[in-house]
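Work through the exercises below with the sequence and the coordinates side by side.

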Amino acid sequence: MSGNEKPGNEKPAPNRTRRLAAAAAVAGLEGAALAAWGIAMLAVGLLGHPDSPRQAEAGGVTVLALAAMPLAAAYGLWHARRWSRGPALIIQLVALPVAWTMVQAGGVMIAAGGVLGVAAVAELVLLVHPAATDALGIGRTAER
């Protein structure tokens, strides 16, 4: 501690387990993928020749806004913030039917849907594991 710091200003180290770090990484990758998709859609709308530039631009902005949720959840999980588990769980529960729809579309979407489905299931398993819930301060109630 330097001479200018006061003892009350110290931040405790996060109680991050390997599972929590892995969950943060998965959420971060999902958020980054959504952000890249949103930027690509926006670029096509602004610079390309889509059928509907306005629709491509609006879609890109919407996907960029959606990317904020997994990125915020990843930040919260990395820093062991209790609030982050809810958004992270919701994202995965929404991702499962999206993955199924992608697999049903066929072609290259089968692989993309498979990757999304595996990531969603892995994230759910990581988030409900007792080590992760304990690290977030959501642990089990006192045993009787």
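**Exercise 1.** Is Val98 buried, partly exposed or exposed, and what is its relative accessible area?

*Solution.* The model is a predicted one, and the classification rests on a computed area. Buried means under 20% relative accessible area and exposed means over 50%, with partly exposed in between. Val98 has a relative accessible area of 40%, so this residue is partly exposed. As to its place in the fold, Val98 lies in helix H3. Val98 also belongs to a nonpolar surface patch of about 330 Å², which it makes together with Met69, Ile90 and Val94. Helix H3, residues 85-105, contributes the largest share of that patch, namely three residues.

**Exercise 2.** Determine whether the end-to-end distance of H3 agrees with its number of residues.

**Exercise 3.** Identify the buried residues of H3 and state what covers them.

*Solution.* The buried residues of H3 are Arg85, Ala88, Leu89, Ile91, Gln92, Ala95, Ala99 and Met102. An α-helix has 3.6 residues a turn, so residues three or four places apart point the same way. The cover over the buried residues of H3 includes H1, H2, H4 and H5.

**Exercise 4.** Describe the largest nonpolar core and the elements that supply it.

*Solution.* The largest nonpolar core has 15 residues, and those with the most contacts inside it are Leu20, Ala23, Leu77, Ala88, Leu127 and Leu136. At least two residues of this core come from each of helix H1 (18-47), helix H2 (53-78), H3, helix H4 (108-128) and helix H5 (130-135). Taking Leu136 as an example, and leaving aside residues up to four places away in sequence, one finds that Leu136 touches Leu20, Leu77, Ala80, Arg81, Arg82, Ser84 and Arg85.

**Exercise 5.** Where does Gly137 lie, and how far is its C-alpha atom from that of Arg81?

*Solution.* Gly137 lies in the segment after H5, and with a relative accessibility of 41% it counts as partly exposed. Although Gly137 and Arg81 are 56 residues apart along the chain, their C-alpha atoms are separated by 8.5 Å. For the chain as a whole, residues 24 or more positions apart account for 62% of the contacts with a separation of 6 or more.

Conventions. Residues numbered from 1 in each chain as written. Predicted model: local features only at pLDDT ≥ 70, side-chain atom pairs only at ≥ 80, totals over all residues. Heavy atoms only, no water. Patch = residues over 30% accessible without salt bridge, like charges linked within 9 Å, V, L, I, M, F, W, Y side chains within 5 Å. Areas by Shrake-Rupley, 256 points an atom, 1.4 Å probe, with all protein chains shown as cover. Salt bridge = Lys/Arg side-chain N within 4 Å of Asp/Glu carboxyl O. Helix = DSSP H or I, 4+ residues; strand = E, 2+ residues; numbered from the N terminus. Buried < 20%, exposed > 50% of the residue type's maximum accessible area, 1.4 Å probe, protein only. Core = buried A, V, L, I, M, F, W, Y, C linked by side-chain atoms within 4.5 Å. Contact = heavy atoms within 4.5 Å. Expected span 1.5 Å × (residues − 1).
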